[in-house]
Amino acid sequence: MSDQKIDLEAQSTEPATLAVGGEEARVEEPLMDQTIDVKDRDPNNMNAHVRVLFHDIIGEPDDTVFTFDRVWILSQKVFVGTKLWCYRITSLICALPLSVCWGVYFSCLAFCNIWIWVPCLKSYDIELYCIRRLWSSYLGTFVGPCFEAVGRCLSGIRITLNKG
């Protein structure tokens with residue numbers, strides 16, 4: 001694994017142009033001006049909770065009961081190697097299909113949010129504006145003073161507890 005950052009701009013070609021309604025639009029890749037750091041793959045520390053070291057799982061609490069030093073060292077190496085290769089093989093098999101699935105999911109989520117949910121909520125906000133004003137006036141005129149009066153009436157009540 002290289003400690004270098006991969007420059008995507010050097011690997012990409014000119015942005016494509018697309019004719020839409022007689023006008024040309026440039027289609028640019030989202031990562032065109034970015035670099036990918038192959039060393040720090042979790043820069044936002046989103047998955048710190050799944051970082052597990054050998055000493056986080058296995059520890060010998062007593063000096064009187066412990067394994068041989070070579071077995072301890074070999075166990076740690078086997079644990080780290082097994083974890084690494086199981087993750088690599090699993091990601092080799094699943095990473096690309098899951099990337100497609102998550103890409104489709106988040107694009108559908110963005111589409112629904114932009115074209116369905118926000119317009120619906122905005123239309124409800126406009127449609128219910130009069131009802132909201134009427135309800136607010138009703139609560140402020142009738143219900144609020146009643147609760148305030150009851151609160152003032154009951155505010156003088158004092159409860160004392162006598163043990164005995």
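## Salt bridges

A salt bridge here is a side-chain nitrogen of Lys or Arg within 4 Å of a carboxyl oxygen of Asp or Glu. Keep in mind that this is a predicted model.

Searching the whole structure turns up three salt bridges. Another one joins Asp125 to Arg132, and there the closest N and O atoms are 2.5 Å apart. Asp125 is partly exposed at 35% relative accessibility, and Arg132 is partly exposed too, with a relative accessible area of 41%.

Then there's Glu148 with Arg152, bridged at 3.0 Å from N to O. These two belong to helix H4 (residues 129-154), and because they are four residues apart in it, about one helical turn separates them. Glu148 counts as partly exposed, at 44% relative accessibility; Arg152 is exposed, at 62%.

## Aromatic pairs

On to the rings: the structure holds seven aromatic pairs. In one of them, the ring centres of Trp102 and Tyr105 are 5.6 Å apart and the planes stand at 90°, so this pair is edge-to-face. Both residues are in helix H3 (residues 69-127), three residues apart, which means about one helical turn lies between them. Trp102 has a relative accessible area of 48%, so it's partly exposed, and Tyr105 is partly exposed as well, at 42%.

Tyr105 also pairs with Phe106: those ring centres are 5.1 Å apart with the planes at 75°, so this is edge-to-face again. Phe106 is partly exposed, with a relative accessible area of 49%.

Elsewhere, ring pairs tie Phe54, Trp72 and Phe79 together into a cluster.

## A charge over a ring

Trp85 has a charged neighbour: Arg88 lies over the face of its ring, 4.9 Å from the ring centre.

What does the chain average in pLDDT? The mean is 85, and 82% of the residues score at least 70. Within the chain, confidence is highest in H3, at a mean of 96, and lowest in helix H1 (residues 8-11), at 50.

Conventions. Residues are numbered from 1 along each chain as its sequence is written. This is a predicted model: local features need pLDDT of at least 70, side-chain atom pairs count only at pLDDT 80 or more; totals for chains, interfaces and linings use all residues. Side-chain values use heavy atoms; hydrogens and water are left out. Rings of Phe, Tyr and Trp (its six-membered ring) pair if their centres lie within 6.5 Å; planes under 30 degrees apart count as stacked, over 60 as edge-to-face and the rest as tilted. Buried means under 20% relative accessible area, exposed over 50%, partly exposed in between (1.4 Å probe, protein chains only). A charge sits over a ring if NZ of Lys or CZ of Arg is within 6 Å of the ring centre and within 35 degrees of the ring normal. pLDDT is the predictor's confidence in each residue, from 0 to 100.
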